[in-house]
Amino acid sequence: ADGFLALAAGDVRAAERASGEAVRRLPGAPLTRLLQAQTAQLRGDDAAAHDVFLAMTDDPATRVVGLRGLYIEADRRGDRETARHYAELARQTSGTTAWAGRALLRHQVSEGDWEGALRTLSTYADSRVLEKKATRRTRAVILTAMAQECEAGDPEKARQYALEAHDLAPDLVPAAAVAGRVLARLGEIRRAAKVLETTWKVAPHPEIAEAYAHVRTGDSALDRLKRVEYLQRMRPQADEGRLALARAAMEAREWQKARDAILPVIRTRPTQNALILMAEIEEAETGDRGRAREWLARAVHAPRDAAWIADGIVLEHWAPASPVTGRLDAVEWRVPVESLAGPEAFHIDEADLAPPPLPAPAEPEDVSDEAIPPAVAATETALIVEPEAADAAPAPPRPAEAAPAA
């Protein structure tokens with residue numbers, strides 16, 4: 001008891017004294033071995049800890065404890081294959097060991113062994129070791145990864161996996177996005193729209209807006225604009241919807257709608273994406289590259305937008321697990337921590353937000369007599385003949401014919 005209290009307090013010397021006394025009085029006892037191993041870990045003696053944990057696997061009473069210690073040691077060294085081996089042995093020894101199930105799932109997902117991950121998850125779900133809610137969420141994450149992998153080559157399988165994942169976790173954006181794209185590709189337009197709308201209501205996201213705008217192949221830019229307007233009205237205060245509407249309006253060349261959509265974001269939360277989009281609108285509408293460069297310059301110093309983040313790392317795309325730790329469902333859509341406070345605020349004049357003035361109509365040319373030089377006026381007057389006067393004027397005399405030669 002004194003040894004474990006010393007371990008909890010981080011007192012290495014007291015733990016070593018208690019461990020030595022326990023070995024002298026109770027050699028080979030399960031708690032004595034555990035105290036030995038954890039004391040070795042506390043002082044950084046990994047080899048001694050490994051030997052004690054390995055000896056514990058020979059005793060059925062301490063086998064799972066020893067395997068967990070060996071797993072932790074291998075994981076710390078970065079020896080993934082050995083760590084997975086110990087997790088497999090622990091699962092075979094005890095089907096109710098939650099840590100083994102989580103560890104095995106992590107390794108299977110990192111290796112892309114989706115079927116094995118689903119089998120492991122089902123085993124622990126049936127034994128009620130993992131919470132029901134956590135099990136549903138983990139299954140949805142694995143199915144989404146499987147759907148993404150099948151999307152290009154096998155849309156039918158991708159449809160099955162994505163719809164099941166969406167039913168399990170309606171707020172899981174990648175599942176809804178894959179389901180929407182695949183359903184649209186297979187011609188199930190209404191179902192695709194319903195899936196995307198369901199997720200948009202609880203988790204507005206640019207990928208959902210993109211899939212919704214292009215849910216029907218061959219639509220015109222105006223058709224896509226109308227569809228995005230309908231989606232944006234479901235969550236009118238969401239910046240993601242305003243930016244999606246501004247981009248759709250720009251593609252449809254509805255410049256005033258594009259400006260009306262993006263101005264609330266510019267005025268309240270001017271992020272990099274919003275300012276870059278404003279620059280694109282300026283250049284596309286008027287061709288004024290000077291104004292566009294001003295907005296791009298502001299974007300350089302603006303706060304960053306939300307992104308897929310796991311353990312402090314910004315990812316380009318969603319992933320089922322963290323690339324740093326391998327932890328499942330660790331990738332989140334949020335603003336990077338370092339940019340939460342944002343840079344120093346910069347001022348945007350209302351004049352900069354106003355649409356560019358329309359070009360003034362050209363002044364009519366002055367064609368009065370005073371504006372025409374006298375010589376030119378006289379020449380032009382001589383060339384102008386009124387129609388009636390032309391009809392009344394006598395024909396000019398014909399030249400006399402020459403007399404025939406004698």
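In the predicted model, W333 is partly exposed, with a relative accessible area of 30%, whereas W308 is buried, its relative accessible area being 6%. Two aromatic pairs are counted in the structure. One of them joins Y71 and W99 in a tilted arrangement, with 5.6 Å from centre to centre and 45° between the planes; because Y71 belongs to helix 5 (residues 63–77) and W99 to helix 7, this pair ties together parts that are 28 residues apart in sequence. Y71 and W99 are both buried. W308 and W333 form an edge-to-face pair, in which the centres lie 5.2 Å apart and the planes make an angle of 65°. Since W308 is part of strand 1 (residues 307–310) and W333 part of strand 3 (residues 332–334), the pair links parts separated by 25 residues in sequence.

The second largest pocket has a volume of about 350 Å³ and is lined by 15 residues, of which R102, L130, A134, T138 and L328 lie nearest its centre. Helix 7 (98–110) and helix 9 (132–150) each supply at least two residues of this lining, and helix 9 gives the most, with four residues. By class, the lining comprises six nonpolar, three polar and six charged residues.

Helix 14 (residues 221–234), with 14 residues, reaches 21 Å from its first C-alpha to its last, close to the 20 Å expected at 1.5 Å a residue. The buried residues of helix 14 are R224, L225, R227, V228, E229, L231 and Q232, and the elements that cover them include helix 12 (189–202), helix 13 (206–213), helix 15 (239–251) and helix 16 (255–268).

How values were computed:
Residues are numbered from 1 along each chain as its sequence is written. This is a predicted model: local features need pLDDT of at least 70, side-chain atom pairs count only at pLDDT 80 or more; totals for chains, interfaces and linings use all residues. Side-chain values use heavy atoms; hydrogens and water are left out. The expected span of a helix is 1.5 Å times one less than its number of residues. Buried means under 20% relative accessible area, exposed over 50%, partly exposed in between (1.4 Å probe, protein chains only). Contact means heavy atoms within 4.5 Å. On a 1 Å grid over the protein atoms alone, a cavity is a set of points where a 1.4 Å probe fits but cannot get out, and a pocket is an open set with protein on both sides within 12 Å along at least five of seven lines; lining residues have an atom within 4 Å of a point. Grid points are joined across faces, edges and corners, and a volume is the space filled by probe spheres set on the points. Ala, Val, Leu, Ile, Met, Phe, Trp, Tyr, Cys and Pro count as nonpolar, Asp, Glu, Lys and Arg as charged, and the others, Gly among them, as polar. Rings of Phe, Tyr and Trp (its six-membered ring) pair if their centres lie within 6.5 Å; planes under 30 degrees apart count as stacked, over 60 as edge-to-face and the rest as tilted.
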